[in-house]
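Hi,

Here is the structure I promised to send over. Have a look first, and my notes on what turned up follow below.

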Amino acid sequence: MTGPLWTARDAAAATGGRLVGGDAWQASGVSIDTRTLEAGDLFVALADQRDGHDFVPAAEKAGAAASIVSREDAGTGARLVVPDVLEALQRLGVAARERSKAVRVGVTGSVGKTSVKEAIAAVFRASGPAHWSVKSYNNHWGVPLTLARMPQDTARGVFEMGMNHAGEIAALTTQVQPHIALITRIAPAHLENLGSMEAIADAKAEIFAGLAGDGVAIIPADCDYAPRLAARVNESGAAFLFEFGKARHAAVRILSWDQQATSGRGRFDVLGRMVDISIPAPGEHQAHNAAAVMAACVAAGIDSAQVADVLAGLEAQAGRGASFMVELDGGSARIIDDSYNANPVSMASAIATLARHTPEGKGRRIAVLGEMLEIGESAPARHRELAAPLADAGVSAVIGVGAMMEHLVSALPGSVKGAMAASPADATKRLGDMLRPGDVVLIKGSNGSGVHKVVASLRNGAVNAVIKG
């Protein structure tokens, strides 16, 4: 980025705000959190879980160029005073979009949207000035914040969009106005709020309503709801429809895929061109994720061979299939960290990945599973249905965390030892008591179940071990 991200006058013009305490400042970034704010950032005093106005003095002390506030008395430094801070952030994001010629990709879906977004971002970074959503900044403040941070010289940007209720994606896609809108997959996440799989598909398909002129819509060809998604595409202003998956008609078709314990490789037909793909990350779902990435990046004007080269260099992310070793007396155990989130589809994929790992010596396959949240009235049955795949995968023991996991533990056959943990800390203790050299342990669950704390405890030496990898 050359020059400032925002000048005082540009920010005031974008938001309609009033400059107080100085009108010559320049901001190199945009922040909503004083803990990570860097000197020169424009601090946005959002009122969300906490009122950002209370932190304006801290932002000023940390070197903020200025603060966007709705209360003029919130600080003593340079301030941009607006009627509503969130609306000002949204306007700042729209202004950043309008001044840039970047090709914008919007990504949503029930499963895989963050992993797909990160892979697209990696491809974009290898192709020129790029911008992307950090972490999972995909909600009502995360999307406009990401837009507001976009430098004017960005060539390509990718924006993740999440939702809990109908109408939320529509609001976000209107701000981003993507040239390319991608749905990764429809799965039973947020059933509790939306009521049916059809409603989930419709809510995700809201992303197509914001497509810019001559836009490209991308949907999963193998999904049961592909016809429903395609119908929503036809109702939008999309000029092109790309599908990805194993279906014969897919624009990016998975011709073959060989999945190993820690990697996968195969061949894709990309608009008639044969491309070999290699992914150094576990899970059958990686083939579909890679096909989605390929479709989006090719639509954004990047050569398919270059996409394949970048994908081959990616690694599994923490919480999404990355693994590490715990050194024990007499050997080591492998921990598969898939703790970021869970629903029935991703849980089944993770169990299949565990099945491909062969324990060493007298080691066993063990699963520490947190309950799957927001999947509606079918939740008890959905948890019970995991019992058979776990047994088929050769899992020896399951530690359940969260009330819904009682349905799974009670359904386990005699070949699988099941136990309920009262908390993530209890699960860590139970795992530590049983862990032995050669074991392979899967840790997965919805974020609210807290099983990511088990991973953190293991990395911090909760079993008096040395972590490798």
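**What I found**

The chain contains 17 helices and 23 strands. Keep in mind throughout that this is a predicted model.

**The chain as a whole**

The C-alpha trace spans about 70 × 50 × 40 Å along its principal axes. As for burial, 54% of the 469 residues count as buried. If you take the contacts between residues at least 6 apart in sequence, 63% of them join residues at least 24 apart.

Start with H8 (residues 197–204) and H9 (residues 226–235). Their axes come within 10 Å and cross at roughly 35 degrees, and the crossing is right-handed. On the H8 side the contact involves Glu198, Ala201 and Asp202, which meet Arg228, Leu229 and Arg232 of H9. Sorted by class, that gives four charged residues, two nonpolar and no polar ones.

Next come H10 (residues 285–299) and H11 (residues 304–312), which pack with their axes 10 Å apart at an angle of about 140 degrees. Why call this pair oblique rather than roughly antiparallel? The antiparallel label is kept for angles over 145 degrees, and H10 and H11 are therefore oblique to each other. The crossing of H10 and H11 is right-handed. H10 brings Ala290, Val293, Met294, Cys297 and Val298 to the contact, where they meet Ser304, Val307, Ala308 and Leu311 of H11. By class, the contact of H10 with H11 has eight nonpolar residues, one polar and no charged.

The last pair is H16 (residues 424–434) with H17 (residues 452–459). Here the axes come within 8 Å and cross at roughly 50 degrees, and H16 and H17 are therefore oblique to each other. H16 passes H17 in a right-handed crossing. The residues making the contact are Pro424, Ala427, Thr428 and Leu431 from H16, plus Lys453, Val454, Ser457 and Leu458 from H17. They divide into five nonpolar, two polar and one charged.

**Two alanines in loops**

I also looked at a couple of individual residues. Alanine 62 is in the loop between helix H2 (56–61) and strand E6 (66–69). Setting aside neighbours within four places in sequence, alanine 62 is in contact with Leu37 and Ala39. Leucine 37 is 25 residues away along the chain, and its C-alpha atom is separated from that of alanine 62 by 7.2 Å.

Alanine 403 belongs to another loop, the one between strand E20 (395–401) and helix H15 (405–411). With a relative accessible area of 57%, alanine 403 is exposed. If you want a distance to check in your viewer, the C-alpha atoms of alanine 403 and lysine 101 are separated by 49 Å. Along the chain, those two residues are 302 apart.

That's what I have for now.

Cheers

Notes
Residues are numbered from 1 along each chain as its sequence is written. This is a predicted model: local features need pLDDT of at least 70, side-chain atom pairs count only at pLDDT 80 or more; totals for chains, interfaces and linings use all residues. Side-chain values use heavy atoms; hydrogens and water are left out. Axes are lines fitted to C-alpha atoms, for helices over the stretch in contact, and angles run from 0 to 180 degrees between N-to-C directions. Helices (H or I, at least four residues) and strands (E, at least two) are DSSP runs, numbered from the N terminus. Angles under 35 degrees count as roughly parallel, over 145 as roughly antiparallel, 65 to 115 as roughly perpendicular and the rest as oblique. A crossing is left-handed if the near helix is turned anticlockwise from the far one by less than a right angle, and right-handed if clockwise. Contact means heavy atoms within 4.5 Å. Ala, Val, Leu, Ile, Met, Phe, Trp, Tyr, Cys and Pro count as nonpolar, Asp, Glu, Lys and Arg as charged, and the others, Gly among them, as polar. Buried means under 20% relative accessible area, exposed over 50%, partly exposed in between (1.4 Å probe, protein chains only).
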